[in-house]
Amino acid sequence: MHGDHADYAAGASTRAADVRAPLGYGTIWDLVRWAKREGASYFDLGGITEGRHGSADPLGGISDFKRYFGGTVAEVGEEW
């Protein structure tokens, strides 16, 4: 929590190559619910890539998941 909002700053996971289920989604949802209970007006999931699920972008599916929550994309920094 950071006053009026919460963020998800760092995370990682691994799973067996034959498991095609998004196992981390439930954990993130629980964090979002916790932030709401604590009074957060928004939850920052961190950066996204331009790719989508099924594209050559290996993070496309994760970026789609993040976009699902609200559709607001704001550029707040850049890679140097």
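This is a predicted model: local features need pLDDT of at least 70, side-chain atom pairs count only at pLDDT 80 or more; totals for chains, interfaces and linings use all residues.

Residues are numbered from 1 along each chain as its sequence is written, and side-chain values use heavy atoms, with hydrogens and water left out.

Q: Why is the contact between Asp64 and Arg52 called a salt bridge?
A: A salt bridge needs a side-chain nitrogen of Lys or Arg within 4 Å of a carboxyl oxygen of Asp or Glu. Here the N to O distance is 3.3 Å, so the pair qualifies.

Q: What makes Arg67 and Asp64 a salt bridge?
A: Their closest N and O atoms are 2.8 Å apart. That is within the cut-off, so the pair counts.

Q: Where do Arg67 and Asp64 lie?
A: Both are in helix H2, 3 residues apart, about one turn of the helix. Helices (H or I, at least four residues) are DSSP runs, numbered from the N terminus.

Q: Why is Arg67 called buried?
A: Buried means under 20% relative accessible area, exposed over 50%, partly exposed in between (1.4 Å probe, protein chains only). Arg67 has 17%, so it is buried.

Q: Why does Arg52 count as partly exposed?
A: Its relative accessibility is 47%, so Arg52 falls in the in-between class.

Q: Which residues are linked in a network of salt bridges?
A: Arg52, Asp64 and Arg67.

Conventions
Helices (H or I, at least four residues) and strands (E, at least two) are DSSP runs, numbered from the N terminus.
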